[in-house]
Amino acid sequence: MAASEENSALFPIFVLTLMALPLVPYTIVNLFGAFKKKAAKINCQCSVCVRSGKYHKSIFKRISNFSTYSNLTLVLLWVVMAVLVYYIKHISTEVHIFEPFSILGLEHGASDSEIKKAYRRLSIQYHPDKNPDPEAHSYFVEYISKAYQALTDPISRENFEKYGHPDGRQGLQMGIALPQFLLNIDGASEGILLLGIVGVCIILPLTISVIYLSRSSKYTGNYVMHSTLAAYYHLMKPSLAPSKVMDVFIKASEFMDIPVRRTDEEPLQRLFVLVRSELNLDLKNIRQEQAKFWKQHPALVKTELLLQTQLTRETAALSPTLQRDFRRVLELAPRLLEELMKMAIIPRPPVGHGWLRPAIGVVELSQSVVQAVPLSARKAAGGSSEGYAPFLQLPHFSEAVVKKIARKKVRTFQDFRDMTPDEREDLLTQVAGFSNSESHDVEMVLKMMPSVTIDITCETEGEEGIQEGDIVTMHAWVTLNRGNGLIRALPHCPYFPFDKEENFWLLLADSFSNDVWLSQKVSFMDEATAIIAVSKTIQESKEGSGASAREINVAVKEAIEKVKNGSRLVMGKFQAPAEGNYNLSSFCLCDSWIGCDAKSNIKLKVMKRSRAGTRGGLTADETPAMEDGIEEDEEEEEDDYDDYESEYSEDEEDTKETKSKGAVANGSTHNKGSGSSSDESGSEAD
């Protein structure tokens, strides 16, 4: 019984140890990450962002940001640990060691007469006949009587003096650190123990499994519904114009789940009046068009109106209930747009290429949503193929300001960026009427904007030239520079209520055929992961080419240094097509900034096969398969080019001329792209 009590007293210590082992390091890592995040100011510091309150951490906002499930669970676990520490320190059961001489109040080596005298003295004090107290009776039986018996019995006394125990040498004793009520297997304790075993070993794992399976059956790893991916896959068409991407985007199941209330009808009617010019309605048949618009599914109508509210910056007209739905739509938008982008560039049979035109449209929609710029602002105007949309992402800019500075022959955004700071300040203060502080805000945002360069090569490893059927390897170094020297940064987007990381999409495509040959997402936010990836890639590449250990180390160090300076390595493989000259384009598209994309040309010459075999490349029939439940929709739609042209759309005559000239060799290109209006260039190599 005493042993079980000792084991029961150790149970809190056992639980405390199990909790502390994972909890302490996890808390340290979280605190370190929080302090590191707080120390690095990667968000915009202009007055517009400050006034928006997006990055202002008030007490309520700090509490709201802290009150996540993980943080609250962490705090609760630390509270439990504090209670356990208090219990162990103040309420734990004291372990009594059986010491006969101490119990009788004698010194070691006392004689038999001294032992008898001490026993009689204690009997008068604790014997049940003399003392009716139950605790005195228990102490007399458990300790005094046993101590007297151990010292008066010659064998027990000899064992105690030799081995420290009246029963002689004791073996190793082990116990279970469990509560006492679980160790007493009788009556109600049996039921409690049984329920505990069933709950922990059966019900809890089964519940977790059911929740996981039910969630995984509805969502992908990016927390997007499978039904959304299926809808995006079927609705995506190769001829989908950029302005028509919105119609596909709003058909996500996540948007359909947002409730449409009767009280929303009047506020939505007011929103419709404010954003009607952005809905691509035919003005000649405006009544029929409006009726057709409202006949759509209510969730589609609500989602499109809320998105157009963001694009037109008419958020002040939102009711409190619509404000919550509005934030929900914008919260879902980044990851849904990412999945829509994947559906545009996913390899499609029979050739196994994605589609360039809808991919550009998805990126343009993402830029407009993040920067709160209308899609109509991207229409070509004046001498600019990109419209005045890039200017609207700058603080204090409006369409009227753009018209004022256009009179000074600053018609494109690239012209504006190429000016010196002093020239820009004079232009803004004297022509646009900006104050010095407003001009300073513009300069600050311009320094935050990324400038991207692409250094890309395509070659067949270990062979000279590229022959049809070869596996071609693309190496691309994408380098990012900013005026303020930062690499990792959050874009200036005061009208987007959530933190948004910059992401870039590198596409190797044939603009003439609308085919995307290779695609990859590029991020500059995580330098450590990029260093690990580039080290492994360079090492494997050099080992495959037979380089020495010293050469490998030098190449890896150079690559790591490039990553630290803002470069990312992108590699991909594709099978060379049939013999011919191909004019490919490499696009680096940013999903957060307008006018910061890069484009360059690369000429690829594929020769007729003269070497035996195809080196085991993928054939057109072996293109990666889609997820279960998504099938290819082979219905083709006629090209719909009546909408505004994308900023990457090429003139038809120029395209035909380029295609007829062809390319004479495989090559590499090193091109800087600071905006969509940058000149295209390519280099040829024999």
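Student: Are Trp-517 and Phe-574 buried or exposed?
Tutor: In this predicted model, local features need pLDDT of at least 70 and side-chain atom pairs count only at pLDDT 80 or more, while totals for chains, interfaces and linings use all residues. Residues are numbered from 1 along each chain as its sequence is written, and side-chain values use heavy atoms, with hydrogens and water left out. Buried means under 20% relative accessible area, exposed over 50% and partly exposed in between, with a 1.4 Å probe and protein chains only. By that scale, Trp-517 and Phe-574 are both buried.

Student: How many aromatic pairs does a search of the whole structure find?
Tutor: Rings of Phe, Tyr and Trp (its six-membered ring) pair if their centres lie within 6.5 Å, and planes under 30 degrees apart count as stacked, over 60 as edge-to-face and the rest as tilted. With this criterion, the search of the whole structure gives 17.

Student: Why is the pair of Tyr-119 and Tyr-148 classed as it is?
Tutor: The ring centres of Tyr-119 and Tyr-148 are 4.0 Å apart, and their planes lie at 20 degrees. Because that angle is under the 30 degrees cut-off, the class of the pair is stacked.

Student: Over which ring does the charged end of Lys-562 sit?
Tutor: A charge sits over a ring if NZ of Lys or CZ of Arg is within 6 Å of the ring centre and within 35 degrees of the ring normal. The charged end of Lys-562 is 4.0 Å from the centre of the ring in question, which belongs to Trp-477.
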